[in-house]
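Please read them with the coordinates open.

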Amino acid sequence: MNVAVIRLSVAAEADVLSIFAWTEDRFGLMARRRYQALLTTALRDIASDPERPGSTARPELGPAVRSYHLRHSRERSGVPEGVVRVPRHLLLYRTVMPGVVEVGRILHDAMELERHLPADFGDL
């Protein structure tokens, strides 16, 4: 099985830091560790199969853009601290070339997605 390389955009890197800081501030260190494990699992899942069950084509956001809600990786993300009960984020990504998946953003599922994509993310 070929596993893609995952590249995070600058915006996605900032999303990760913000999500982890907010989670730890609101729910504590153990909750942050659970969310870290969940996000890592979700990234591995799309690296192993970018069109995996649970992913959705998002042509309205640009060619080849897909979304994947973290809830689809929840059962595989367990750590000694437990699992995230109600994940609320999704990955917006695209395969930019064979073997390379670019994550443009990691957004809360209540956000208006179109307003938060990097300017050039839909361009291929």
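The points below go from the overall fold to the sheet, the helices and then a few individual side chains.

1. The model is a predicted one, and the remarks that follow should be read with that in mind. The protein contains 2 helices and 5 strands, which follow one another along the sequence in the pattern β-α-α-β-β-β-β.

2. Of its 124 residues, 44% count as buried, while the exposed surface comes to about 7000 Å², of which carbon and sulfur atoms supply 52%. Among the contacts between residues at least 6 apart in sequence, 56% join residues that are at least 24 apart.

3. The 5 strands make up an open sheet with mixed pairing, in the order β1-β5-β4-β3-β2. Strands β1 (5-8) and β2 are at the edges and have a single partner strand each, so one side of each is left without a neighbour in the sheet. From one strand to the next, the twist averages 30°.

4. The pairing of β1 with β5 (residues 100-108) is parallel and runs over 4 bridges; within it, I6 has V101 of β5 as its bridge partner. Helix α2 (residues 29-48) packs on the sheet, where it touches β1, β3 (65-69), β4 and β5, and its direction makes about 30° with that of β4. Helix α1 (residues 10-27), for its part, lies across β1, β4 (89-97) and β5, and runs at about 45° to β5.

5. How many aromatic pairs does the count come to? The count comes to 1 aromatic pair: the ring centres of W22 and F27 are 5.7 Å apart and the ring planes stand at 70°, an angle over the 60 degrees required, so the pair is edge-to-face.

6. Leaving aside residues up to four places away in sequence, S55 touches P50, R66, S67, Y68 and Y93.

Terms used. Residues are numbered from 1 along each chain as its sequence is written. This is a predicted model: local features need pLDDT of at least 70, side-chain atom pairs count only at pLDDT 80 or more; totals for chains, interfaces and linings use all residues. Side-chain values use heavy atoms; hydrogens and water are left out. Rings of Phe, Tyr and Trp (its six-membered ring) pair if their centres lie within 6.5 Å; planes under 30 degrees apart count as stacked, over 60 as edge-to-face and the rest as tilted. Contact means heavy atoms within 4.5 Å. Buried means under 20% relative accessible area, exposed over 50%, partly exposed in between (1.4 Å probe, protein chains only). Accessible areas come from the Shrake-Rupley method with a 1.4 Å probe; for residues, only the protein chains shown count as cover. Two strands pair if DSSP finds at least two bridges between them. Axes are lines fitted to C-alpha atoms, for helices over the stretch in contact, and angles run from 0 to 180 degrees between N-to-C directions.
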